[in-house]
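Trainee: I would like to go through the salt bridges with the structure open. Can we take them one at a time?

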Amino acid sequence: MHEGERSRQVKDGMLTETDRIMVARNRFIFLLAMAALLAILSLSLQFLHLIPTTPLREDRENAKSRKRIIPVPLTEPPEIDPVYEAYAYCNIPNNTERGMEGHSPPDYKLLSVQVMIRHGDRYPLYAIPKTKRPAIDCTLVPSRKPSHPQLAAFLSHMSKGSKGRLDSVLSGLPRFPSHPVCEMGELTQTGVVQHLRNGHLLRDAYIKKHTLLPNSWTSKHLYIESTGKSRTLQSGLAMLYSLLPEFDWQKIYIRHQWSSIFCSSSCDCPMRNHYLEEEQRRQYSLRVKNSLLEQTYVDMAKIVGVPTRQLRASNPIDSLLCHFCHNISFPCTQNGCIGLEHFNVIKSHQLGDEKERHETKVYYRYSLLATHPILNQTVTRMQRIAEGRSEEVFALFSAHDVTVAPLLAALGLSEARFPRFAARIVFELWRAPRDKKSLFVRVLYNGEDVTFQTSFCQKHSRHSSQPLCPFQNFMNFVKKDMFAIFNSTNYYDACHRRAF
């Protein structure tokens, strides 16, 4: 019987029992085929990243003292998840991270690289009153996770560090963390591993792929600065070691940077301090308006048995993040336990504060004045290298979140996350083939190319005849455009007169 005749008979109710069974079977087979097709299509879309996924969900479900995270339905706009953001901040080492450093169109020549890093994972700077401090061992044990293939060799090489040349403030600091019970602010093994991984990524991109440093490199090819904290010095050494394994200590000279914003000899800027004070007032105003946050502090203070003011002053999120990142249960007392609900409220307030910070522009003004000195050094170093007047092809600045955060803001990277442990910003200088005067710049944050998100290159079309951002754009921004918001034309003027 033809299919058309069978369809007409179905309508007329003339099918035999055998025919009805055959029709039902065919429909069932058709439905199975459609279901299989939809399943394959769904997997394909996920593979192509067209459907959002939550790669950290398994980690979240296995963590102690943490609630299961339910993905936001696709029909609703995703909201900021404080737990997910905290995981991103921890930057737990993994073997899958890759970076876009060193990528360029064919035949472009890499001239120089300058890297600003935040130190790696550290022990808290503050302690929650009347609670047990998190039990973390800050000695380096290659057999303990997280580890790195170069950790044992790094430890051995650091023991020979007395041959290195360091400014006097740095020479008295330990080259690696070594306390069985971490001291306040001390770099952890996780922090060392984070920067060994960073250095390994940069070695693949710049040394192996582009031969940025010659085999016979000397101290004149490197420029290294660190603040006077052991965690920044040790982070810089960890990155340097995996970038240049078994480096000759006598070829290394590490300078001390006394300022956390790396302003060197250009730190006199009254208006920068003015905007910082305004920003602190904005933060205070936002905090006192958050009744849920205040009630959370009250509840936590009752748990630990101290006045609310004392609990708030101890900056509890700093210690709680350490518990979180190291999968240690939050503190408990006889009055109860600090829980994930307390953590979520404080972390959510931080995220809301970051959002308002970008909207009010007070922090942006502070950031422009705070980072101009280091950005001006960056541009000047690039110019000297391009003109053949310097051989400092690799520069490393080991710093803090209060260094990296304003740098991101000044560059116009408003969508960038707050600097995680071991965050890195990279500036690359490139030369076009067959034209020595055509210079270009790339800016990368944690391995992602963010050049065309910067305020100085947002309007440049990457599909033009110049697929990279012209260096001239960057230079104009640093030398002139940064001061337009202050109705000024130079750094000194912007620093010493109020903008109207």
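**Salt bridges in a predicted model**

Trainee: Which residue forms a salt bridge with Arg357?

Mentor: This is a predicted model. The closest N and O atoms are 3.6 Å apart, which is within the 4 Å cut-off, and the partner is Asp353.

Trainee: What is the N to O distance in the salt bridge of Arg282 and Glu279?

Mentor: Arg282 and Glu279 are three residues apart in helix α9 (residues 270-289), which puts about one helical turn between them. Arg282 and Glu279 are both buried. Their side chains meet in a salt bridge with an N to O distance of 2.7 Å.

Trainee: Is Arg381 buried or exposed, and which residue does Arg381 pair with in a salt bridge?

Mentor: Arg381 has 9% relative accessibility, under the 20% cut-off, and therefore counts as buried. The closest N and O atoms of its salt bridge are 3.0 Å apart, and the partner is Glu392. Arg381 belongs to helix α14 (residues 362-386) and Glu392 to the loop between α14 and β7 (394-399), so the pair ties together parts eleven residues apart in sequence. In short, the answers are buried and Glu392.

Notes
Residues are numbered from 1 along each chain as its sequence is written. This is a predicted model: local features need pLDDT of at least 70, side-chain atom pairs count only at pLDDT 80 or more; totals for chains, interfaces and linings use all residues. Side-chain values use heavy atoms; hydrogens and water are left out. Helices (H or I, at least four residues) and strands (E, at least two) are DSSP runs, numbered from the N terminus. Buried means under 20% relative accessible area, exposed over 50%, partly exposed in between (1.4 Å probe, protein chains only).
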